[in-house]
Amino acid sequence: MADNKHTDRRAEYYWSQVKKHGAKYPEFNWPSVEILLNLVYTYDVVSGHLSRKTAAFGITKAGFSVLMILSRSQSKACKQNEISQLMLVSRANITGLVDGLARQGLVERANDPNDRRVNMVRILPKGEKLLEDLLPGYYRHVQEMSSVFTAAEKKVFNDLLMRLRNRTGEIKG
């Protein structure tokens with residue numbers, strides 16, 4: 001319940017204070033700002049829920065993402081810098097993340113046989129088992145969260161998000 005009170009205060013701030021303050025600027029467009037706030041706010045709420053799901057299995061959301069990338073790769077391994085690029089995080093962050101997963105016995109790091117400067121990360125059986133245990137409930141939870149939308153609404157929502165992402169990529173600076 002404390003989480004709901006926290007998010008309720010934040011929603012009240014977003015929709016009263018931000019709107020009031022922004023009105024001082026001619027460039028301010030409330031519907032556009034509202035989209036951004038809703039995206040960020042919703043991501044935070046959904047991310048928190050999913051983090052609690054993975055934490056129950058002793059893994060962070062970021063660690064879960066690494067395991068998912070590795071388990072989906074054809075060879076069950078991936079270059080460490082590719083993981084970094086897929087997750088949109090720095091190589092230093094991936095190093096620490098992989099170190100933690102290795103300490104838990106979920107992954108192993110090895111040199112690429114073709115290039116010793118490249119680190120390969122491979123998911124271990126314990127990491128595969130963790131995913132097998134976690135994923136049914138995780139996917140059920142994702143489905144339950146998105147059950148507020150019809151299949152057609154999900155398609156429209158995904159299309160709209162892609163349009164926003166593409167447009168944002170086109171804007172200079």
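**Reading the features**

A: The face of helix 4 turned away from its buried side carries the exposed residues Gln 85 and Leu 86. Helices (H or I, at least four residues) and strands (E, at least two) are DSSP runs, numbered from the N terminus. Buried means under 20% relative accessible area, exposed over 50%, and partly exposed in between (1.4 Å probe, protein chains only). The model is predicted: local features need pLDDT of at least 70, side-chain atom pairs count only at pLDDT 80 or more, and totals for chains, interfaces and linings use all residues. Residues are numbered from 1 along each chain as its sequence is written, and side-chain values use heavy atoms, with hydrogens and water left out.

Q: Which residues of helix 4 are buried, and why do they line one face of the helix?

A: In helix 4 (residues 80-87), the buried residues are Gln 80, Ile 83, Ser 84 and Met 87. They line one face because, seen down the axis of helix 4, they fall within an arc of 100°; the arc is that of the directions from the helix axis to the C-beta atoms.

Q: What covers the buried residues of helix 4?

A: Contact means heavy atoms within 4.5 Å. The cover includes helix 3, strand 1, helix 5 (91-103), strand 2 (107-112) and strand 3 (115-123).

Q: How is an aromatic pair described, and how many does the structure hold?

A: A pair of aromatic rings is described by the distance of the centres and the angle of the planes. Rings of Phe, Tyr and Trp (its six-membered ring) pair if their centres lie within 6.5 Å; planes under 30 degrees apart count as stacked, over 60 as edge-to-face and the rest as tilted. The structure holds four aromatic pairs. One of them joins Tyr 138 and Tyr 139 edge-to-face, at 6.0 Å centre to centre with 70° between the planes. Tyr 138 is buried, with a relative accessible area of 13%, whereas Tyr 139 is partly exposed at 43%. Ring pairs link Phe 64, Tyr 138 and Tyr 139 into a cluster.
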